[in-house]
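Colleague: Hey, I'm new to this one. Can you put it up and walk me through the pockets?

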Amino acid sequence: MDSIKVVGGRELNGVIPISGAKNATLPLMIASLLTDETLTLTNVPRLRDVAQLTQILSNHGVDYSVNGKRNGQDDLAGQTLNLTAREIVDTTAPYELVSKMRASFWVVGPLVARCREARVSLPGGCAIGTRPVDFFIDGLAALGADIEIEAGYVVVKAPGGLKGARVEFPKVSVGATHTIMMAATLAQGETEIVNAAREPEVVDLAKCLKAMGAKIEGEGTSTIRIQGVPRLHGARHAVVPDRIETGTYAMAVAMTGGDVLLRGARSDLLETALDTLRQAGAEITQTADGIKVYRNGNGIQPVDVTTEPFPGFPTDLQAQFMALMTKAGGASRITETIFENRFMHVQELARLGANIHVDGRTATVEGVSTLRGAPVMATDLRASVSLVIAGLAAEGETTVNRVYHLDRGFERLEDKLTRCGAQIERISS
Ligand SMILES: CC(=O)N[C@H]1[C@@H](OP(=O)(O)OP(=O)(O)OC[C@H]2O[C@@H](n3ccc(=O)[nH]c3=O)[C@H](O)[C@@H]2O)O[C@H](CO)[C@@H](O)[C@@H]1O
Ligand SMILES: C=C(OP(=O)(O)O)C(=O)O
């Protein structure tokens, strides 16, 4: 299993290209199931989750190809992925494939919309909480599907096709919004999703679905209306830049000091997180090429944050922000409201000398002047990268073990950071 070795104490200076968003790419790839024509996605990141999802989709009958490198492209340019679901040959998404990645469960929406049936294993994914699927089940039932749980599989049938309806989520859910929105594109009549997720990845999916011929209004607000159409067609769509990768590197620069251009990043995708970083002492400006992040030698200020659905502070940046706060000049309180078990990084940060006390959903971080390198264990995707950020500012060597979590969502992290002066390398074993 690979690990990452970081020797801390260097500033970051230079340019980091921001990849296409993992959390947009996954539902966009799944949208290919809705049409028998080719969906071409550009700016697709090279990630383990993307590779895993191509396997799942190919099991349903999706043909895929990846364009080769083009003249003038550097190694970190996004990929172009062509997906064609000419015929769905299998409506089962098996446990062996779905258990590795939660988003793969979302195939349930397009499959039942197009094939009128689906049998999808209950999902896996990062160990950050219980992560039930009741909103998906209730939403599909509202669209007229019959649903049963059989031996760990959700079995969904809609022999007469899905029918548009009002679907109100009790709580904002990104995945349930993606899934019901995709399912509703091919339902008969109008669907109204109330308390929909407003995340940029939902907006990106809606944009792609519209390019495929779907009729959708209200994406980016909490009410989305979808007028079902009989069929969708092929399209070409560029994946939105990754706001979580953007925020992660911005926090790394705030941690180490330095001056970095996050090329291709868009500040409108993460205003709350960037404002929080400004309060912590970073200077952040949007330029024509991306976002510039600068912090001089001054200390890091403590800032309290609470995670919330978009446009609030994202849960997917909570661990990275906590890493930054471990070196703040005072105490900060970090409250996690989305997932009940997303503090697994706390005990690993403590190995580096961080002083953090967890009480229920709130962690109090007492900043320390020095972190010291140590071997640590990555427990989930964003926790992994929080340990890298802490390692970049720690004295001596930090080894982050089990980095396969990191490879799910960060494209060539060690290359991107090395180019900016970090001392970081992957140890393959
Ligand atoms: C691949 C992807 O895009 N993953 C993101 C997506 O995950 P994901 O879509 O799985 O997260 P949700 O937005 O659905 O989860 C939000 C909350 O709703 C709860 N819930 C959800 C569905 C359900 O049927 N019942 C239920 O109770 C969850 O347990 C959680 O407490 O949004 C999360 C919240 O921004 C991010 O952390 C993940 O990175
Ligand atoms: C939690 C995440 O991913 P997933 O929903 O796929 O587990 C994440 O991207 O931080």
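Predicted model: local features only at pLDDT ≥ 70, side-chain atom pairs only at ≥ 80, totals over all residues.

Colleague: What counts as a pocket here?

Modeller: On a 1 Å grid over the protein atoms alone, a pocket is an open set of points where a 1.4 Å probe fits, with protein on both sides within 12 Å along at least five of seven lines; lining residues have an atom within 4 Å of a point. Volume is the space filled by probe spheres set on the points, which are joined across faces, edges and corners.

Colleague: How much space is in the largest pocket?

Modeller: About 980 Å³. Of its 43 lining residues, Arg 131, Val 174, Gly 175, Ile 338 and Phe 339 are the closest to the centre.

Colleague: Where does the largest pocket lie?

Modeller: Between domain 1 (3-18 + 241-427) and domain 2 (22-238), because both give residues to its lining. Those bounds come from an automatic or database domain assignment.

Colleague: Which helices supply at least two residues each to that lining?

Modeller: α1, α5 (134-142), α6 (174-185), α8 (243-256) and α12 (381-393). Helices are DSSP runs (H or I, at least four residues), numbered from the N terminus.

Colleague: And how many residues of α1 are buried?

Modeller: 9 of the 10 in residues 22-31, so α1 is largely enclosed by the rest of the structure. Buried means under 20% relative accessible area (1.4 Å probe, protein chains only).

Methods:
Residues numbered from 1 in each chain as written. Chains lettered and ligands numbered in written order. Heavy atoms only, no water. Buried < 20%, exposed > 50% of the residue type's maximum accessible area, 1.4 Å probe, protein only.
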